[in-house]
Amino acid sequence: MGHQLNFFLTPEDLRLLEQRLKEKCPVVFLDYRSQGPAPAQLPDLEVAEFGKTRLSVLLVPPDSLGALIFRHVPQQGYWTVDLLRSPAVELSRCFYDGAILRRGRLYYDRGFYDEAGHWVEKPASFQDWAKKVFSVARKGLERDAEQFAYVGTNAQAQRQEGRLKLVENWE
Amino acid sequence: MVKTPEGAKSKRFVDVAGINESTDKVEEMHQVGRQTKDGQPVAREKKAMDDIEKTTGKRPKFHPYNN
């Protein structure tokens, strides 16, 4: 079963989220892809170049790095983290070009079915940590019931000034 | 997540979406579910796909798991 938190965050909102996360819970930021079966750590959550930088990254509790499951993608020449089976939260950062802001989200699975069809629950310590990440993310954001999402302060201000349009992922 | 204000439910979650990794834009949508004896999606899957199509203009590709 998956849990998700949808949001609209400008780069400035994302910086604030990163700051809050670093203050409130131990977290490591990882690239989804790596050259080998080992975590590729990111220094921060900043998107280097919208339209070129991959927007999905992973949040992982530092003491769970060794429990990550990696999958080789030989056709593409990289390794990737198996989110379903790993103690990790996916952060899909919002696409932003100054005029539009696309929906992003936090997502994790609390368990999965193994190859024998048995339910495997992820460790309680990870689930508690993931709930904390969601809680920290919610604080400081405004709930927009119409959008079924939270909106960052900066995104809200730009929207109210008519400078920014919140758009869906198929638009 | 797809807002479906005019649908049978107010929002829907596409089972699997193919997303452009640098723009977050949805390129493909897939729905997984049961099919009837004559090979059609069961009602709950059909309603979900109808709602999604109404909003996005694209119908998710259906993948039955009870072939």
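In which sense, left-handed or right-handed, does H1(A) cross H2(A)? The crossing of H1(A) past H2(A) is right-handed. This is a predicted model. Its largest nonpolar core holds 35 residues, and H2(A) gives the largest share of that core, five residues.

**Main core**
- Phe8(A), Leu58(A), Leu59(A), Ala88(A) and Val89(A) have the most contacts inside the 35-residue core.
- Two helices of chain A, H1 (11-24) and H2 (124-138), each supply at least two residues of this core.
- Strands of chain A that also supply at least two residues each include S1 (2-8), S2 (28-31) and S5 (56-60).
- From H2(A) come five core residues, the largest share.

**Val89(A) and its contacts**
- Leaving aside residues up to four places away in sequence, Val89(A) touches Leu58(A), Leu59(A), Leu106(A), Tyr107(A), Tyr108(A), Ala130(A) and Val133(A).

**A separate core**

**Packing of H1(A) on H2(A)**
- The axes of H1(A) and H2(A) are 9 Å apart, at an angle of about 135°.
- H1(A) and H2(A) are therefore oblique to each other.
- H1(A) brings Leu17(A), Arg20(A), Leu21(A) and Lys24(A) to the contact.
- H2(A) brings Val133(A), Val136(A) and Ala137(A).
- By class, the contact of H1(A) with H2(A) counts five nonpolar and two charged residues, with no polar ones.

Key: Residues numbered from 1 in each chain as written. Chains lettered and ligands numbered in written order. Predicted model: local features only at pLDDT ≥ 70, side-chain atom pairs only at ≥ 80, totals over all residues. Core = buried A, V, L, I, M, F, W, Y, C linked by C-beta atoms within 7 Å. Buried ≥ 20, exposed ≤ 12 C-beta atoms within 10 Å, placed from the backbone. Helix = DSSP H or I, 4+ residues; strand = E, 2+ residues; numbered from the N terminus. Contact = placed C-beta atoms within 7 Å. Axes fitted to C-alpha atoms, helices over the stretch in contact; angles between N-to-C directions. Parallel < 35°, antiparallel > 145°, perpendicular 65-115°, else oblique. Left-handed = near helix turned anticlockwise from the far one by under 90°. Nonpolar A, V, L, I, M, F, W, Y, C, P; charged D, E, K, R; others polar.
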